Amino acid sequence: MDIPNIGFNHDKSAQAELEILPLSNLYERDIISHDPQMPHRVSFYMIIYIEQGNGKHMVDFTQYSFEPNTLIFLQPDQVHAFDFSKQPTGYVILFTQTFLDRVHTNMRLPNYTPTHLNQQHTPLLTLNKHSQARVINAINEMEIEIAHPQSDPLIVMYLFSALALGLHRLRPELRHDNINPEQSIKLGTFYKLLQSHFLTIRDANWYANKLHTTYKTLNSICKLSTGLTAKQMIDAFTLIEIKRRLIISNVTTQKLAYDFGFEDASNFVKYFKKQTGATPSQFQVRHSATIL
């Protein structure tokens, strides 16, 4: 299966790095180059607000049931697929790391750390009536400001920051408020190193040395921000990438073992089964059948 990589449309957002779409646009317009209901990988952040409708949203090959007043949070590089079978309504907020960096420069904003690596964290949040009203109002205010002839990017940033801080308060299980700006920078650098070297290096001490810090310090930052140790973060990131490649490219176990630096296929299979409870081929068959 070919899973497309979807980039952010900078031209459509007039370089604002943020776009708000009615959810219905994704299944009504013909200008999308991919089918949103098929697995696709995004290079940006997304907050999906389901105002009405039920269904299941696939995130990294796990199906999550949604209902009215549900929010779904997605981070860059995650593979996901919409469910439009019951034509849910709501909004999709798309934004880039560049937008977040601009907001951080001008005002307070929660850190968007890779909490999706912790399987104990769900990408879903169900709102009560009070929170629902505030979310809808924040989205509407952002839309109004974006459409204003003299739109001020700073106002949009303030509105987004208010929305993000409000949503963060509703997700107390996300503990990234416990890290200071210096720790946040180290975590970001660690994650970038992990993205570049996960195929061959899964030693947390190596990453700590690259960051000019100790394993203990790196471990503490990772635990505070994601609830995982540095080694657990490395394994979780590696496992997600293995799963994606198994489904995306239908690659053989032997090839994956080679690509990920394992000595032989048997060690690779043991590693994968220990983490997931299934062999690579079992996982491949099971999930290829559910998303095709």
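Which residues does isoleucine 242 touch, not counting residues up to four places away in sequence? In this predicted model, isoleucine 242 touches Leu256, Phe260, Phe268, Tyr271 and Phe272, where contact means heavy atoms within 4.5 Å. Local features are reported at pLDDT of at least 70 and side-chain atom pairs at pLDDT 80 or more, whereas totals for chains, interfaces and linings use all residues. Residues are numbered from 1 along each chain as its sequence is written, and side-chain values use heavy atoms, with hydrogens and water left out.

The protein chain has 292 residues, and buried residues make up 51% of them. Buried stands for under 20% relative accessible area, exposed for over 50%, and partly exposed for the range in between, with a 1.4 Å probe and protein chains only. The secondary structure comes to eleven helices and ten strands; these are DSSP runs numbered from the N terminus, with helices being H or I of at least four residues and strands being E of at least two. Among contacts with a separation of 6 or more, 72% are between residues 24 or more positions apart.

The interior comes next. In general, nonpolar side chains in soluble globular proteins tend to be buried together. A nonpolar core is here a set of buried Ala, Val, Leu, Ile, Met, Phe, Trp, Tyr and Cys residues joined through side-chain atoms within 4.5 Å. The largest such core has 41 residues, of which Leu117, Phe190, Tyr207, Leu218, Met233 and Ile242 touch the most other members. Two or more residues of this core come from each of strand 8 (79–81), helix 5 (181–197), helix 6 (204–210), helix 7 (215–226), helix 8 (230–248), helix 9 (253–259) and helix 10 (265–276). Helix 8 gives the largest share, ten residues. At least three residues of the core are drawn from each of domain 1 (5–174) and domain 2 (181–290), with domain bounds that come from an automatic or database domain assignment. A second, separate core has 28 residues, including Ile47, Tyr49, Met142 and Leu163.

The structure holds 16 aromatic pairs; rings of Phe, Tyr and Trp (its six-membered ring) pair if their centres lie within 6.5 Å, and planes under 30 degrees apart count as stacked, over 60 as edge-to-face and the rest as tilted. The rings of phenylalanine 190 and tyrosine 207 have centres 5.5 Å apart and planes at 80°, so this pair is edge-to-face. Because phenylalanine 190 lies in helix 5 and tyrosine 207 in helix 6, the pair ties together parts that are 17 residues apart in sequence. Both phenylalanine 190 and tyrosine 207 are buried.

Tyrosine 191 and phenylalanine 237 have ring centres 5.6 Å apart and planes at 90°, so they too form an edge-to-face pair. This pair links distant parts of the chain, with tyrosine 191 in helix 5 and phenylalanine 237 in helix 8, 46 residues apart. Tyrosine 191 is buried at a relative accessible area of 14%, and phenylalanine 237 is buried at 6%.

Ring pairs also link Phe61, Phe262, Phe268, Tyr271, Phe272 and Phe283 into a cluster. The charged end of arginine 202 sits over the ring of tyrosine 271, 6.0 Å from its centre; the criterion is NZ of Lys or CZ of Arg within 6 Å of the ring centre and within 35 degrees of the ring normal.

Some single positions remain. Leucine 125 is in strand 10 (residues 124–126) and is buried, with a relative accessible area of 11%. Leaving aside neighbours within four places in sequence, leucine 125 is in contact with Asn69, Thr70, Leu71, Phe73, Leu167, Leu170 and Arg171. The C-alpha atoms of leucine 125 and arginine 171 are separated by 7.7 Å, although these residues are 46 residues apart along the chain.

Aspartate 77 lies in the loop between strand 7 (70–74) and strand 8 and is partly exposed, with a relative accessible area of 30%. Histidine 212 is in the loop between helix 6 and helix 7 and is exposed, with a relative accessible area of 75%.
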